[in-house]
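Here is a short tour of a structure for you to follow on screen. Keep the viewer open and turn to each place as it comes up.

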Amino acid sequence: MIPPPFTYAAPTSLEEALALLQQHGPMAKILAGGHSLLPMMKLRLLEPEVLIDLRRVPGLDEIREENGYLHLGAMVREVELEEHPLIREKYPLLYETTRWIADPQVRNMGTIGGNLAHGDPGNDHPATMMAYDAQLVAVGPRGERVIPAREFFLDFYTTALEPDEILTAIRIPIPPPRSGGAYEKLERKVGDYATAAVAVQLSLAEDGTLSYVGIGLTNVAHVPLFAARSCAHLQGQRPTPERIDEAAQMASEDCNPRSDLRGSAEYKRAMVRELTRRAFRRALERAQGG
Amino acid sequence: MEAEVRTPPTICGMGHRMKRKEDARFLFGKGRYVDDIKLPGMLYMDIVRSPFAHARIKSINAERALAMDGVVAVITGKDLEKYNLHWMPTLMGDTQMVLPTDRVMYQAQEVAAVIATDRYIAADAVEAIEVEYEPLEPVIDPFRALEPDAPVLRTDKGKTDNHIWHWEVGDREATERAFQEADVVVKQQIYIPRIHVASIETCGCIADYDPVEGKLTVYMTTQAPHVVRTALAMVAGHVGLSEEKIRVISPDIGGGFGGKVPIYPGYVIAIAASVLLGKPVKWIEDRSENLQADSFARDYHITAELAATKEGKITALRIKTLADHGYTDAAANPSKFPAGLFSICTGSYDIKHAFVEVDAVYTNKPPGGIAYRCSFRVTEAVHAIERMVDVLAQKLGMDPAELRFKNFIQPDQFPYKSALGWEYDSGNYPAALRKAMDLIGYEELRREQAERRARGELMGIGISSFTEIVGAGPSRHFDILGIKMFDSCELRIHPTGKAIARFGTKSQGQGHETTYAQIIAEELGIPAEHVQVEEGDTDTAPYGLGTYASRSTPTAGAAAAMAARKVREKARKIAAYLLEVSEEDLEWEPGVFRVKGAPDKSVTIQDIALAAYTNHPPGMEAGLEAVHYYDPPNLTFPFGSYICVVDIDKGTGQVKIRRFVAVDDCGHVINPMIVEGQIHGGLTMGFAPAMMEELVYDEEGNILTGSFMDYLLPTAVETPRWETARTVTPSPHHPLGAKGVGESATVGAPAAIVNAVVDALSPYGVTHIDIPITPYKVWKILHEKGVV
Ligand SMILES: Cc1cc2nc3c(=O)[nH]c(=O)nc-3n(C[C@H](O)[C@H](O)[C@H](O)COP(=O)(O)OP(=O)(O)OC[C@H]3O[C@@H](n4cnc5c(N)ncnc54)[C@H](O)[C@@H]3O)c2cc1C
């Protein structure tokens, strides 16, 4: 439970942070809230020689709407999302997802950027960002680039971020009127990673058909999943109970969970089906209600 | 019903909800735990542990570690072998490696120790030690362990199989006959899984050997400091450690629950290191080491059978159990009781015939079998009988409450001699169950359940009417390593009428500093706030066996009352002298002796205390103090009835505890608030294994639940709201009429929860579920039964 020796740097600008990252190469790691990185170091699963703390880099902790997007700085902490009125009122999916993450201690430290950059299929924000069709903004020596959340998660603990890039922001399209979202997570206790979890974001057209559907799945494959077939099945359709059931069934077929102490793969598939139904129903109620 | 309160709040004797004296210290962060203690020149120890469950050690290469700056020594089994300290006895008289010289027997077993000038260097050096292993076939399943071709684990003991011991009690033939004659027989396999106490403070010590004086001081997380001192003197006498030169100090302890009774290899290595190096050596386990290597509890594979008439009168109980002890029997039971007090398994019921047998086996798992918040295997016993009563009720189509009423030992049958040999001191089981049923509204709940069932909803109601057996000794039956299980109090009254009392027990959160003070306040009228309680230092406290098995109030609490009564007898003599009357002319009310018939002529205990040092009667010894070693005539038998109501989410398998009512009876209550605290904590510690906790191993013996990410402990969010109440049936033999209470709820709660879940699923033919009841397990049953 004690990590090997390492040095610590706390740059005060993004340029400085990027320079440090380049200088130390793969031996360096960005430190955000530390609540995934430090446990791995304590278990000596990761042994970085240099930690580059982003805490003092200005401008990474903003929450604002601009140009059709909700802009979230990578260093926005979970507790800030939880307490922000804008998030609570207009982004119920994000709000609920945040509330399901770990416990208050972890949420006081953990950041949304770290949660995504870690590439852990058990983390909750990735599925939600896929459901929102969010964009991730990365800055590196070659400048800035935007990566769709649905293309960000490549493998177990592997993302589209290059080792010399820093994730600076997340952009979520501002949902149109008659939108709703919900997150359903089955966990064994507070602070547990999901047995299975489902993020649903949807919008209704004037005629009651679905003008947008995004469904993301947590911890039921080696990467967070976008339930593409389920979304396509619902897109442009009326959300009848039969259709919702069919889409939920597809999600349970398209995931690829592993049996472990949380339950068998069969159980997890069944949970994906059940939770998709439940999340969809609640998202729909929200869209219809406002 | 609260116990009768005889003292005013200024004195705060029995029955007062006095706030705990120790809490200020804990709440202000001023508790002093082992890891808070820092001695000059102190070195730090860390341990290399085995990645394999069963392997031969081919070589240990410590060169790289020894070359590191700050590394002082690396200790291996070969080093200890030179002093014949590589093996030690367990409290059960088995043998346990301190460090291996040949084979490792479980994953995370200690292999070597590093001593360094700094905790962090020690951790880095552990990584630098290269150990070459030759993996051997592990024996993980205890049933496999008994197969003739299973690898034999304890060849060091000359064994030819993995069987440790067979133990049985009861009348086999009479029980057999009762089963043959029975109208109805039910049989159920029940596994009570391996769990861990997971106290918030892990284990650790500082061994401080003074080479000049030859004196060893050990600060240690132990529930039984005196036993540790004697055991160390017995084990290390041959290297010159003699008992008067050993001082064991048990400072504040962050939870023990039985896990801090054993003497772990880490303690012994730290002591050896301190003796070898002549410097203090600190060793503190981390959480994973604690979970992976320290003693486990439970792990009983039970086959239970009940025989009954068709009217529901239970006629016989038969239990056969396989106990997985890991690679050595490191339980901490009284020595004549290898399966602890498991024979309390006839429970609250008047069962004429019973027969119980237990076989213990070795496997490649951590050693133990400790009594996790339970008086030696009582949880296992209670779980078995309380489950079986429900299995029988289901078979007979009878309400489980009705079946219990039909079979309870009746109040007029006490003292009651059980078929397995115990003499229950007192009880009123129907009253406790009736009260619990009234509080929860049992009949109404059954009506609601019928309605919900008609709608296809899953709701269950479960009862557990347990009987505990706590407070060992009587010393004629109970000893640890031959040391009789009495306990002690040494009480001194200061000239200004304040007191200090020292005990052989050791609080780990139970509130002794308050409870004992209240007992002395009750007996002497000295305000409880002026009674200083001390425990845990073997140089100052009187000898005692420590705190576990709910024994502190039954033994040391009784000793406190008896010591105070001795003081009162001397005080009476001094009072008579001061008031110039004879002793018979005096009457006592808390804190004052008055002359009968002349109530304005009186002296207070404070006046008497001063006189004891300034103006005592000629010919009498000065001072006012007493020592009492209390040897209880019998155990105490606390009991209670718990009722749990659950709702099950069919879609996910999640079980929600809607209500849980706990009616406890621990005789006279010393501090109702502390008792309720003990019940709340105990219920939570019963809920946890019922729903979440289990130490799981794979086929290779790798632990799959080696951290709190997978070894699940409930938080405040998961924990149900507890509703507590009590009945009071005093113990006839305890000086205060009190019984132990620390473990009742841990013991009684799991069965109520399981019974509720099984009740919810019973329409689908479910008769039993092994704990922990996880959502997955419930879903799987629903799935298999075609419900979802
Ligand atoms: C007990 C416990 C329970 C938990 N339960 C949950 C849960 O239920 N759901 C859940 O979603 N999470 C859970 N977590 C994880 C938690 O949410 C972490 O905080 C989160 O995964 C990582 O965020 P962080 O800010 O702490 O990042 P860090 O731990 O500091 O970093 C994580 C990784 O991301 C990299 N990184 C961080 N920020 C950036 C950046 N801006 N650019 C590039 N790389 C970056 C780091 O180099 C590191 O590799 C739990 C954690 C704990 C300790």
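P415(B) sits in the loop that runs between α11 (400-407) and β19 (416-417) of chain B. The peptide bond joining F414(B) to P415(B) is cis, with omega at about -5 degrees. Bear in mind while you look at such details that this is a predicted model. P772(B) belongs to the loop between α18 (744-761) and α19 of chain B.

One more backbone detail deserves a look. A108(B) is a residue other than glycine with a positive phi, near 85 degrees. You will find A108(B) in the loop between β6 (103-104) and β7 (110-116) of chain B.

## Where chain B meets chain A

Now to the interface between the chains. Chain B contributes 26 residues to the contact, and chain A contributes 24. Together the two chains bury about 2100 Å², with 64% of that area on carbon and sulfur atoms. Which residues of chain B lose the most area to chain A? They are M709(B), Y776(B) and W779(B), which together account for 25% of what the chain B side buries.

In a salt bridge between D649(B) and R278(A), the closest N and O atoms are 2.8 Å apart. On the chain B side, the elements giving two or more residues are α4 (119-128) and α19 (775-784) of chain B. The largest share, five residues, comes from α4(B). Sorted by class, the chain B side that touches chain A holds twelve nonpolar, seven polar and seven charged residues.

## The domains of chain A

Chain A itself is divided into domain 1 (7-53), domain 2 (63-173) and domain 3 (179-287). Taken over C-alpha atoms, the centres of domain 2 and domain 3 of chain A are 19 Å apart. Their contact draws 24 residues from domain 2 of chain A and 28 residues from domain 3 of chain A. Between them, these two domains bury about 2100 Å², 61% of it on carbon and sulfur atoms. E96(A), W100(A) and P121(A) supply 27% of the area that domain 2 of chain A buries against domain 3 of chain A, more than any other three residues.

How many salt bridges are counted between domain 2 of chain A and domain 3 of chain A? The count is three. The side chains of D124(A) and K185(A) form a salt bridge, with N to O at 2.8 Å. Nine residue pairs between domain 2 of chain A and domain 3 of chain A are in polar contact, with both residues at pLDDT 80 or more. On the side of domain 2 of chain A that touches domain 3 of chain A, two or more residues each come from α5 (92-100), α8 (125-132) and β8 (153-155) of chain A. α8(A) gives the most to that side, with six residues. The residues of that side divide into 13 nonpolar, four polar and seven charged.

## Around the ligand

Finally, turn to the ligand, which is surrounded by 29 residues. The closest of them are I30(A), G34(A), S36(A), T111(A) and D124(A). D124(A) has already come up, as the salt-bridge partner of K185(A).

Which atoms of chain A come up to oxygen atoms of the ligand? For T111(A), an N or O atom in the side chain is 2.6 Å from a ligand oxygen. For L37(A), a polar backbone atom is 2.7 Å from an oxygen atom of the ligand. N115(A) has a polar side-chain atom that lies 3.0 Å from a ligand oxygen.

Methods: Residues are numbered from 1 along each chain as its sequence is written. Chains are lettered from A and ligands numbered from 1 in the order in which they are written. This is a predicted model: local features need pLDDT of at least 70, side-chain atom pairs count only at pLDDT 80 or more; totals for chains, interfaces and linings use all residues. Side-chain values use heavy atoms; hydrogens and water are left out. Domain bounds come from an automatic or database domain assignment. Contact means heavy atoms within 4.5 Å. Buried area is the accessible area (1.4 Å probe) that two parts lose on being put together, summed over both. A salt bridge is a side-chain nitrogen of Lys or Arg within 4 Å of a carboxyl oxygen of Asp or Glu. A polar contact is a pair of N or O atoms within 3.5 Å; within protein, one must be able to donate a hydrogen and the other to accept it, and residues adjacent in sequence count only if both atoms are side-chain atoms. Helices (H or I, at least four residues) and strands (E, at least two) are DSSP runs, numbered from the N terminus. Ala, Val, Leu, Ile, Met, Phe, Trp, Tyr, Cys and Pro count as nonpolar, Asp, Glu, Lys and Arg as charged, and the others, Gly among them, as polar. A residue is near a molecule or strand if one of its heavy atoms lies within 4 Å of it.
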